[in-house]
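Hi everyone, thanks for making time for this. Let's take a look at the structure together, and I'll walk you through it.

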Amino acid sequence: MGKEPYIYTGMHIPKEYRGYPRSLLDIVIIIEEIAARGGSPICNALLEIAGLGTATIVNGGNEEQKKKYLPPVARGEKMGCFSLTEPGTGSDASGIKCRAERVGDEYVINGRKRYTSGAHVSAYIILFAVTDPGKGARGISAFIVPTDTPGYSVLEQVKCMGLRGHQDEELLFKDCRIPKENLIGEEGKGLHYGLASLDETRTTLSAGFIGLARICLESAVEYAKERTTFGKPLFHRQALGFPLADVATEIDAARLLNYKAAWLHDKGMRHTVETAKAKILATKAMLDAANTTIEVYGGFGCTTRYPTERYYRDARIWSFAQGTPEIMKFIVTRDLFGKYEM
Ligand SMILES: Cc1cc2nc3c(=O)[nH]c(=O)nc-3n(C[C@H](O)[C@H](O)[C@H](O)COP(=O)(O)OP(=O)(O)OC[C@H]3O[C@@H](n4cnc5c(N)ncnc54)[C@H](O)[C@@H]3O)c2cc1C
């Protein structure tokens, strides 16, 4: 990538803010290749730095915010994180309770957040908080909270079974005051900007899932060629070969669907439903691949002698990130029955 050393962290950032923009189709190809070389935690960290920590500012922020916060991320000097999930709510984003109350020229924030990836190394937080209680999704706003703001603290690290190269945190906001200028876009539109960002980052996340599925499949195929039972290599057994054929099929189908979502994005078209469908399939491909690979390796597949157990742990935890398969199915169902009340 020549003279552009920070291209990965700047790939979602427009050129005018010192980014190295790539099409979403390019990005999903890059992400899949990183994950397919065993880099699921690296890949996850990259998704957060490059995508989740910047997309809401790109989508909803004003010129001043973009000029201030995006260039240091593009240069690889700083990162931001995305804080929506709370102890009381994950899938139901409109049910968050963290409160941002306007007092004079400031917002005063009180509440807790859970599962904010990379908060401990972030310079700022993209925070979603309630500005207008009782208005549900339309009462939520997005803010930029610098992590050196008094009243903000990291309560604890959430320890996960996999993706150990990446870290999630529980956060506390106690009378944390930020200037009104740190509101992103308009009051009440926070979730709108956040969900638009997720359309983009879910597409790149699915590419990571597909990459992890690929490395599982490749290692299962290699092992099935070498390992013999009852005088024959394992690949002679259809009981193992057919599930691997299913996984190979799911990987290709998920990739094509995900490419479609990325292509629509690059054409400036809405792709919420295509992204949700791709994520459903990519999640299934990843979980089936990780599970089938353990099956092929037998008992040794669950030991630390092989990376298969790490793939399995990474896949299991990763599948919940940025909206579970059930929530993706909810998006697709809503599209099917859109004109009816759901
Ligand atoms: C690796 C990782 C990184 C993450 N990073 C971040 C981050 O940086 N920032 C952030 O804000 N969040 C982050 N999250 C949180 C993530 O977005 C949530 O875990 C996810 O949205 C699900 O919420 P929950 O875990 O609270 O599950 P819940 O919402 O409590 O759901 C529990 C179960 O019920 C199912 N379910 C829920 N509602 C329905 C329904 N209506 N119909 C059918 N089934 C349903 C879900 O699919 C799930 O299986 C991360 C999660 C992971 C795993």
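Let's begin with a pair of helices, H5 and H8, whose crossing is left-handed. Please keep in mind that this is a predicted model. H5 covers residues 190-226 and H8 covers residues 308-318. They pack at an angle of about 155°, and their axes are 11 Å apart. With that angle, H5 is roughly antiparallel to H8, because angles over 145 degrees count that way.

Which residues of H5 and H8 make the contact? On the H5 side we have Phe 209, Leu 212, Ile 215, Cys 216 and Ser 219. H8 brings in Thr 308, Tyr 311, Asp 314, Ala 315 and Trp 318. Sorted by class, this contact has seven nonpolar residues, two polar ones and one charged one.

Now for another pair, H1 and H6. H1 is made of residues 24-35, and H6 of residues 238-266. Their axes come within 8 Å and cross at roughly 145°. From H1, the residues taking part are Leu 24, Leu 25 and Val 28. They meet Asn 258, Tyr 259, Ala 262, Trp 263, His 265 and Asp 266 of H6. By class, the H1 and H6 contact divides into six nonpolar, two polar and one charged.

Is Ala 285 buried or exposed? It is buried, because 29 other C-beta atoms lie within 10 Å, and 20 or more is the cut-off for that. Leaving aside residues up to four places away in sequence, Ala 285 touches Phe 209, Ile 210, Ala 213, Val 247, Glu 250, Ile 251 and Ala 254.

Finally, let's step back to the whole chain. How many helices and strands does the protein chain have? There are nine helices and ten strands. The radius of gyration is 21 Å, close to the 20 Å that the globule rule gives for 342 residues, so the chain is as compact as a globular protein of that length. Along the principal axes, the C-alpha atoms fill a box of roughly 80 × 50 × 40 Å. Buried residues make up 46% of the 342 residues. And of the contacts with a separation of 6 or more, 74% are between residues 24 or more positions apart.

Technical notes: Residues are numbered from 1 along each chain as its sequence is written. This is a predicted model: local features need pLDDT of at least 70, side-chain atom pairs count only at pLDDT 80 or more; totals for chains, interfaces and linings use all residues. Axes are lines fitted to C-alpha atoms, for helices over the stretch in contact, and angles run from 0 to 180 degrees between N-to-C directions. Helices (H or I, at least four residues) and strands (E, at least two) are DSSP runs, numbered from the N terminus. Angles under 35 degrees count as roughly parallel, over 145 as roughly antiparallel, 65 to 115 as roughly perpendicular and the rest as oblique. A crossing is left-handed if the near helix is turned anticlockwise from the far one by less than a right angle, and right-handed if clockwise. Two residues are in contact if their C-beta atoms, placed from the backbone, lie within 7 Å. Ala, Val, Leu, Ile, Met, Phe, Trp, Tyr, Cys and Pro count as nonpolar, Asp, Glu, Lys and Arg as charged, and the others, Gly among them, as polar. The radius of gyration is taken over C-alpha atoms; the globule rule is 2.2 Å times the number of residues to the power 0.38. A residue is buried if 20 or more other C-beta atoms lie within 10 Å of its own, exposed if 12 or fewer, and partly exposed in between; C-beta atoms are placed from the backbone.
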